[in-house]
Amino acid sequence: MKVLKHNFNLPFNIIRCSHVEYGVKDLDASRKFYVDTLGLIETERTSDALYLRCLEEQQHHSYILRKTKESCVVAVGFKVAFEKDLDALKKHLDHKNIKTEWVEKYAEDRTLKVTTPQGFILEFYARMKKVAHKLREYKSYQGMHPQRFDHFNIFTPNAQETYEFFVNELGFRLTEYTTTEKGEMWAAWMHRKGNVHDMALTNGDGPRLHHSAIWVPTALNIIHLLDVMATSGFVDNIERGPGRHGVSNAFFLYILDPDGHRIEIYTCDYLTVDPDLEPLGWDLENPQRQTLWGAPAPRSWFENGSSFINTPIKEAKMEARPIIAN
């Protein structure tokens with residue numbers, strides 16, 4: 001594998017990951033899960049979509065749940081600093097012959113849709129409709145007390161190629177990575193906002209979304225959510241955890257929404273703002289990489305993911321696989 005130097009010289013500034021748009025089959029069932037159980041704030045409901053946000057967020061949405069015939073991922077979203085960054089990003093990617101187009105998105109100003117060479121659908125915007133945050137409105141703290149959207153994790157059939165795209169073309173910085181015994185890149189965690197990751201990638205059939213993640217204040221919020229799910233009809237939606245990752249140091253829980261989209265509830269990672277931060281490497285054979293402590297991940301966690309809309313799935317090139325619990 002090849003660890004790249006950070007690219008600090010791109011002519012645009014991607015601030016952070018921002019939101020995800022899921023295709024769901026039943027908006028009422030999704031609302032019961034995301035709002036009534038997890039505690040997300042319903043900003044707005046239209047005829048075909050729910051727009052949700054977390055407690056400290058001032059943007060109109062960090063989750064869009066759009067009614068579709070089949071469960072899917074419509075796009076994952078990122079915020080750039082200024083309007084001019086959208087133009088610079090489009091010019092940069094057009095020069096690389098990467099597919100871009102302007103699209104209309106509700107509650108957002110100009111939005112640039114990018115389809116990466118690996119087939120991932122990314123959307124970039126600078127300005128979204130502002131709403132009042134609920135940070136000090138403690139009566140709104142329900143479910144797990146969701147504070148903010150944190151990151152994505154994707155399955156890719158070519159981890160090295162996908163990693164190089166996000167570093168070279170979008171300016172992401174590597175914080176941690178996993179390699180096989182042959183020295184191949186198997187997974188990578190990359191950031192823009194200064195924590196462990198805005199985007200992680202894992203070897204696997206793709207392009208697919210492994211999970212989106214929500215940051216909560218403490219591990220006790222995760223424990224409380226488990227109690228809530230167990231007593232509100234969602235105990236079978238608990239897939240993995242709680243536990244602690246070696247990678248990222250995060251205390252975690254993985255749950256599945258009514259359409260099978262995976263959500264990580266996440267806390268206790270660390271700061272990565274220093275420009276000379278050294279990435280941390282892990283061996284794929286090290287079991288503490290994925291589970292510092294806690295029950296091993298089930299097979300579903302390695303194999304199941306959400307497909308991007310109208311996007312064919314390619315088989316992973318790499319044969320190496322981590323140890324999977326029976």
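Reader: In this predicted model, which backbone nitrogen does the side chain of Asp259 reach?

Author: The side chain of Asp259 comes to 3.0 Å from the backbone nitrogen of Lys25. A polar contact requires N or O atoms within 3.5 Å, and the distance here is 3.0 Å. Asp259 itself belongs to the loop between β15 (251-256) and β16 (262-267).

Reader: How should I read the charge of Asp259, and where is the nearest side chain of opposite charge?

Author: A salt bridge needs a side-chain nitrogen of Lys or Arg within 4 Å of a carboxyl oxygen. The nearest side chain of opposite charge is that of Lys25, 4.8 Å away, so by this cut-off Asp259 has no salt bridge, although it is buried. Setting aside neighbours within four places in sequence, Asp259 is in contact with Gly23, Val24, Lys25, Ser30 and Ser71.

Reader: How many aromatic pairs does a search of the whole structure find, and how is one of them to be read?

Author: The search finds 18 aromatic pairs. One of them joins Tyr34 and Tyr63, with 5.7 Å from centre to centre and 45° between the planes, and it is classed as tilted. Tyr34 is part of helix α1 (residues 27-37) and Tyr63 of strand β4 (residues 63-67), so this pair ties together parts that are 29 residues apart in sequence. Both tyrosines, Tyr34 and Tyr63, are buried.

Reader: Why is the pair of Phe165 and Phe166 edge-to-face?

Author: The angle between the planes decides the class, and over 60 degrees counts as edge-to-face. The planes of Phe165 and Phe166 stand at 90°, with ring centres 5.7 Å apart, so the pair is edge-to-face. Phe165 and Phe166 are both buried. Ring pairs also link residues into a cluster, whose members include Tyr34, Tyr63, Phe165 and Phe166.

Reader: Which charged residues lie over the face of a ring?

Author: Arg148 lies over the face of Trp215, at 3.9 Å from the ring centre. Arg240 is placed over the face of Trp301, at 4.5 Å from the ring centre.

Reader: Why is helix α3 described as largely enclosed?

Author: In α3 (residues 159-168), seven of the 10 residues are buried, so the helix is largely enclosed by the rest of the structure. Phe165 and Phe166 are among these buried residues, as are Ala159 and Tyr163. Their cover includes the strands β8 (121-125), β9 (148-156), β10 (173-179), β11 (185-191) and β12 (199-203).

Reader: What should I look for in the backbone angles?

Author: Most peptide bonds are trans, and most residues other than glycine have a negative phi. In this structure, a cis peptide bond joins Gly206 and Pro207, with omega about 15°. Pro207 is in the loop between β12 and β13 (208-215). The bond from Gly241 to Pro242 is also cis, with omega near 10°, and Pro242 lies in strand β14 (residues 238-244).

Reader: Which residue in the loop between β14 and β15 has a positive phi?

Author: Asn249 has a phi near 65° and lies in that loop. At 35% relative accessibility, Asn249 is partly exposed. Cys268 likewise has a positive phi, of about 75°, and is found in the loop between β16 and β17 (280-283).

Key
Residues numbered from 1 in each chain as written. Predicted model: local features only at pLDDT ≥ 70, side-chain atom pairs only at ≥ 80, totals over all residues. Heavy atoms only, no water. Helix = DSSP H or I, 4+ residues; strand = E, 2+ residues; numbered from the N terminus. Buried < 20%, exposed > 50% of the residue type's maximum accessible area, 1.4 Å probe, protein only. Lys, Arg positive; Asp, Glu negative; His and termini not counted. Polar contact = N/O pair within 3.5 Å; in protein donor to acceptor, adjacent residues only side chain to side chain. Contact = heavy atoms within 4.5 Å. Phe/Tyr/Trp six-rings, centres within 6.5 Å; stacked < 30°, edge-to-face > 60°. Lys NZ or Arg CZ within 6 Å of the ring centre and 35° of its normal.
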